Amino acid sequence: YIYGVGIGSPHDIIVPQVFAPEVVFAREEAQASVTVRSQAMNGRTAKLVLKLGDEVVDTKDITFGEDGEQIIPMKFLPTQKGEFELEASIDPLPDEAVKDNNKASQRVRVIDEKIQVLYVEQKPRWEFRYLQAMMVRDRRLDPKFYLIEGDPELSREENSPYLAELPATKDGWMKYDVILIGDVDSRRFNDEQMQSISDLVSTFGGGLIFIAGKNFMPDSYRRTQLEKLFPVEFEGQTSIAGAASTRQVSLDLTPAGQNSPTLRLASADDENLAIWKKLPGIYWDARVTKAKPAAEVLLDDPSPEKATRAGAMPVVALQSYGTGQTLFVGTDETWRWRR
C-alpha cells in the first residue's frame, strides 16, 4: 500500500522569467516583464523587486489570486553604460515549500552612443518617407540614406544624411550597426558588397532588415549571397504575384510577437493586443512559403489562400544569423499604422 504524507497543496511563489530588451540606452526608461507563478497563495501579497546590477530600480506590491501565472510590467532607468544583470525577485515567505525559485535574471547591455544605420532604398515610397522621418528624429540613431532614384544633389548639401554612393569596401560597411534594404534590385550590389553585408551580420554582430516591395524584394534576391540571410523561404516571383488587393487584411500577432519588445505597444498584454487589433489592415504583402527553422514569426497573414502546410504565411520574421540578427518585414504598409 502507498500512503502519501505531507501537504496536498504546498505554498509556493515562483519567478521563472524576467524579459527585457537585450540592449537599452543610458538615461532612457526601459520596460521589463516579469512572470510570477503562485500556488496556494490566494489573497496573500508580496513585494516584487527589480534590480539592475546592485541597484534597486523598481518595486511592485502584488496580490495573488487563484493558482496560476501573472505578468507584471516593470520599468528601469539605466544611468551608466556597461553589461549588467537585470534580476527580478521576491523574498521567500516563511511557509513556502521551495525557497530557491523566487528569482530570475537576464543579461542587459546599456549603451551610450548612437546606433549607426544605413538605409538603402530604390525610390522614396511611403514606407521610406515615414521611416526616414522617424529615424532622423530619434536621438539614439545616426542614420544615413542611399536613394538609388534620388536626386544626386541631395548628398552634396551641408550635413546631408544622404550618401552619394554605396560603400565600396568592407571597411565602409563595417562602420554601420544596422543595414536596411528596401525594394532594391539585387543587381545594385556587387559580390563584394553582398559578402561585406553578410560578414557584418554573421561575424561582427550587426543587424540586417529586409523591407518587402512589389518590384524587387524579396524576389530579386533568389540565388544571391544574401538569400541565406532571409528568415523566410520564397520561391521567386513572390512580390509580383502578390499584387495589391482591394481588401484589407489585419495581421495576427503571434505568441512570439506578443513577447517581442519590438512589437510591444503597451506594457500590459491585454492592452497591447487590443491596440494591435485596432490597427488598420494592409492591402499587400509579399508571398513567401514559410519561416526558416530557426526563425521566429512575429506577425502573420491569416488569409487561408496564402497559408501552406507550414501554417499561416509569415509577414514579419526574425532570426539569429551568426552573431547578428536579420529581420524580414513582408509588407511596405507599416506607415499606415503610424499615420
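Analyst: Let us begin with the terms for sheets: helices (H or I, at least four residues) and strands (E, at least two) are DSSP runs numbered from the N terminus, and two strands pair if DSSP finds at least two bridges between them. This is a predicted model, in which local features need pLDDT of at least 70 and side-chain atom pairs count only at pLDDT 80 or more, while totals for chains, interfaces and linings use all residues. Residues are numbered from 1 along each chain as its sequence is written, and side-chain values use heavy atoms, with hydrogens and water left out.

User: In what order do the five strands of the open sheet lie?

Analyst: The order is E2-E8-E7-E4-E5, with mixed pairing. At the edges are strand E2 (23–25) and strand E5 (55–63), each of which pairs on one side only. Strand E4 (residues 45–52) pairs with E5 in the antiparallel sense over eight bridges, and Leu-48 has Lys-60 in E5 as its bridge partner.

User: Which are the edge strands of the sheet with eight strands?

Analyst: That open sheet, also of mixed pairing, has the order E10-E9-E11-E12-E18-E17-E16-E14, and its edge strands are strand E10 (141–147) and strand E14 (252–253). E9 and E10 run parallel and are joined by seven bridges; the bridge partner of Val-117 in E10 is Pro-143.

User: What is a nonpolar core, and which element gives the largest share of the largest one here?

Analyst: In soluble globular proteins, nonpolar side chains tend to be buried together. A nonpolar core is a set of buried Ala, Val, Leu, Ile, Met, Phe, Trp, Tyr and Cys residues joined through side-chain atoms within 4.5 Å, where buried means under 20% relative accessible area (1.4 Å probe, protein chains only). Here the largest core has 32 residues, and among those touching the most other members are Phe-189, Phe-210 and Tyr-221. Elements giving two or more residues to this core include strand E9 (115–121), strand E12 (207–211) and helix H3 (191–202), and H3 gives the largest share, four residues.

User: How many cavities of 30 Å³ or more does the search find?

Analyst: Rolling a probe the size of a water molecule over the atoms shows where empty space is left. On a 1 Å grid over the protein atoms alone, a cavity is a set of points where a 1.4 Å probe fits but cannot get out, and lining residues have an atom within 4 Å of a point; grid points are joined across faces, edges and corners, and a volume is the space filled by probe spheres set on the points. The search of the whole structure finds one cavity of 30 Å³ or more, and the largest cavity has a volume of about 60 Å³. Its lining includes Trp-276, Pro-280 and Trp-337.

Key:
On a 1 Å grid over the protein atoms alone, a cavity is a set of points where a 1.4 Å probe fits but cannot get out, and a pocket is an open set with protein on both sides within 12 Å along at least five of seven lines; lining residues have an atom within 4 Å of a point. Buried means under 20% relative accessible area, exposed over 50%, partly exposed in between (1.4 Å probe, protein chains only).
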